[in-house]
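Please examine the salt bridges and nonpolar cores of the following protein. A set of questions and answers is requested.

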Amino acid sequence: GEVVLSLEDVHILDDRFGMAVKGVRLDVHAGEIVAIAGVQGNGQTELAEAIVGLRTHLQGRITLNGRDLTTSTVSQVIDAGVGFVPEDRKVDGLVAEFSVADNLILNRSNDSDFTTFGAIDIAKRDAFADEAIVEFDIRTPNRDTMVGRLSGGNQQKVVLARELGQDLKLLLASQPTRGVDVGSIEFIHERIIEVRDSGVPVVIISTELDEVIALADRIAVMYRGAIIDIVPADTPRERLGQLMAGVVA
């Protein structure tokens, strides 16, 4: 498909103002999953945060369907159609003391689909939550249960249901199955593939080789802040391991 997400010579600073990402260039096409693989700490986290507007120290350009998102806020990125599954759901993905229903509309609390005269419409929220709980097999006593009481796998399903419950142009999932059970891993992978098959491009950031190989159409390997190679999904594991260690030749 056509290019949807384009990263052009992107440089990003880390929290200590060192260079975390160095000159990344990557095009992601409609209807494909690109996995960004690498050992943790090689710039993947900072790259994901920059795409969704959480990091503003940028050199280079990030575009989505030709729209420049380089200096956009998180709200603007979400409104542009980017769904984001964060690396740490407990820190960036959920509010533990909020109900399942409220967490399912965290990024859409101002959306007309869930508000009436500027206030959240409880009936609309609850109807959406009930559908999501069934569709995403979220194991919860009810929609009013605090999300922090759910298992890790069910918490991740809440995040995924929220992000997929909008009109997506791009799905960015960082460590999408970290800390979840085997059954939830299979379910999450199936939903990600469904997104790809619907024509929406997906970027997966994962340190798990099994996950990268299971999901990716192409694999971009990051090492010390740079993408050192982009290889097909059938690349041997041994070669992927060498690339993750910085061995190019």
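Predicted model: local features only at pLDDT ≥ 70, side-chain atom pairs only at ≥ 80, totals over all residues.

Residues are numbered from 1 along each chain as its sequence is written, and side-chain values use heavy atoms, with hydrogens and water left out.

Q: How many salt bridges does the count come to?
A: A salt bridge is a side-chain nitrogen of Lys or Arg within 4 Å of a carboxyl oxygen of Asp or Glu. By this rule, the count comes to 20.

Q: How many residues apart are Arg-178 and Glu-87, which form a salt bridge?
A: The side chains of Arg-178 and Glu-87 meet at 3.6 Å, N to O. Helices (H or I, at least four residues) and strands (E, at least two) are DSSP runs, numbered from the N terminus. Arg-178 lies in the loop between strand S9 (170–174) and helix H7 (182–197), and Glu-87 in the loop between strand S6 (82–85) and helix H3 (89–93); this pair links distant parts of the chain, 91 residues apart.

Q: Which parts of the chain does the salt bridge between Asp-137 and Lys-157 tie together?
A: The side chains of Asp-137 and Lys-157 meet at 3.6 Å, N to O. Asp-137 lies in a loop and Lys-157 in a helix, so the pair ties together the loop between H5 and helix H6 (152–164) and helix H6.

Q: Which residues touch the most other members of the largest nonpolar core?
A: A nonpolar core is a set of buried Ala, Val, Leu, Ile, Met, Phe, Trp, Tyr and Cys residues joined through side-chain atoms within 4.5 Å. The largest such core has 43 residues, and those touching the most other members are Leu-104, Val-158, Leu-171, Ile-192, Ile-204 and Ile-219.

Q: Which residues does Ile-192 touch, not counting residues up to four places away in sequence?
A: Contact means heavy atoms within 4.5 Å. With residues up to four places away in sequence set aside, Ile-192 touches Ile-33, Leu-171, Pro-176, Val-202, Ile-204 and Leu-215.

Notes
Buried < 20%, exposed > 50% of the residue type's maximum accessible area, 1.4 Å probe, protein only.
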